[in-house]
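Subject: Structure handover

Hello,

Please find the structure below, with the sequence alongside. My notes come after it.

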Amino acid sequence: MEELYQLIEEKIKSTGYHGEIDGCEFYDDISNEAEDQEKGTYVFIVKKSDTLSYKGCMTIMEDQFDLHYVDIHDGDEVYHVDFNA
């Protein structure tokens with residue numbers, strides 16, 4: 001899993017995002033959004049603080065989810081992370 005967390009961090013940093021990002025914490029936040037949801041495609045928002053939030057889209061399948069993209073909103077800046085690219 002450590003390799004996945006590092007890949008997440010690299011993907012996010014490649015957008016120009018300079019804030020602190022922990023791949024494990026990010027994965028846990030997204031996993032919590034997927035938990036207990038029925039199969040389907042969902043748009044979600046994770047509010048981390050007053051100035052930081054994640055808005056994204058994922059498809060939930062039987063035993064896993066596919067994160068399509070996340071827009072990281074940090075203050076007035078928005079960083080688009082395309083996980084399907």
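This is a predicted model: local features need pLDDT of at least 70, side-chain atom pairs count only at pLDDT 80 or more; totals for chains, interfaces and linings use all residues.

Residues are numbered from 1 along each chain as its sequence is written, and side-chain values use heavy atoms, with hydrogens and water left out.

Overall layout

The protein has 2 helices and 4 strands, where helices (H or I, at least four residues) and strands (E, at least two) are DSSP runs numbered from the N terminus. Their order from the N terminus is α-α-β-β-β-β. The radius of gyration is 12 Å, close to the 12 Å of the globule rule for 85 residues, so the protein is as compact as a globular protein of that length. That radius is taken over C-alpha atoms, and the rule is 2.2 Å times the number of residues to the power 0.38. Along the principal axes, the C-alpha atoms fill a box of roughly 35 × 30 × 20 Å. Of the 85 residues, 33% are buried (under 20% relative accessible area; exposed is over 50%, partly exposed in between; 1.4 Å probe, protein chains only).

The 4 strands make an open sheet in the order 1-2-3-4, with antiparallel pairing; two strands pair if DSSP finds at least two bridges between them. Strand 1 (40-47) and strand 4 (77-82) are at the edges with a single partner strand each, so one side of each has no neighbour in the sheet. On average, neighbouring strands are turned by 15° against each other, direction ignored. Strand 1 is joined to strand 2 (residues 52-60) by 8 bridges, and tyrosine 42 stands opposite methionine 58 of strand 2. Between strand 3 and strand 4 there are 6 bridges, with tyrosine 69 opposite aspartate 82 in strand 4. These two strands form a hairpin with 2 residues between them, and glycine 75 in the turn has a positive phi of about 65°.

Helix 2 (residues 23-34) lies across strand 1, strand 2 and strand 3 (65-74), at about 120° to strand 3. Axes are lines fitted to C-alpha atoms, for helices over the stretch in contact, and angles run from 0 to 180 degrees between N-to-C directions. Contact means heavy atoms within 4.5 Å.

Core

Which residues have the most contacts inside the largest nonpolar core? They are Ile12, Phe26 and Ile72, in a core of 18 residues. Such a core is a set of buried Ala, Val, Leu, Ile, Met, Phe, Trp, Tyr and Cys residues joined through side-chain atoms within 4.5 Å. Strand 2 gives the most to this core, with 4 residues. Leaving aside neighbours within four places in sequence, isoleucine 12 is in contact with Tyr17, Ile21, Phe26, Ile72, Val81 and Phe83.

Two single residues

Threonine 59, in strand 2, is buried at 18% relative accessible area. Its side chain makes a polar contact of 3.0 Å with the side chain of threonine 41 (a pair of N or O atoms within 3.5 Å; within protein, one must be able to donate a hydrogen and the other to accept it, and residues adjacent in sequence count only if both atoms are side-chain atoms).

Glutamate 25 sits in helix 2 and is partly exposed at 42% relative accessibility. Glutamate 25 and tyrosine 5 are 20 residues apart in sequence and 8.6 Å apart in space, C-alpha to C-alpha.

Regards
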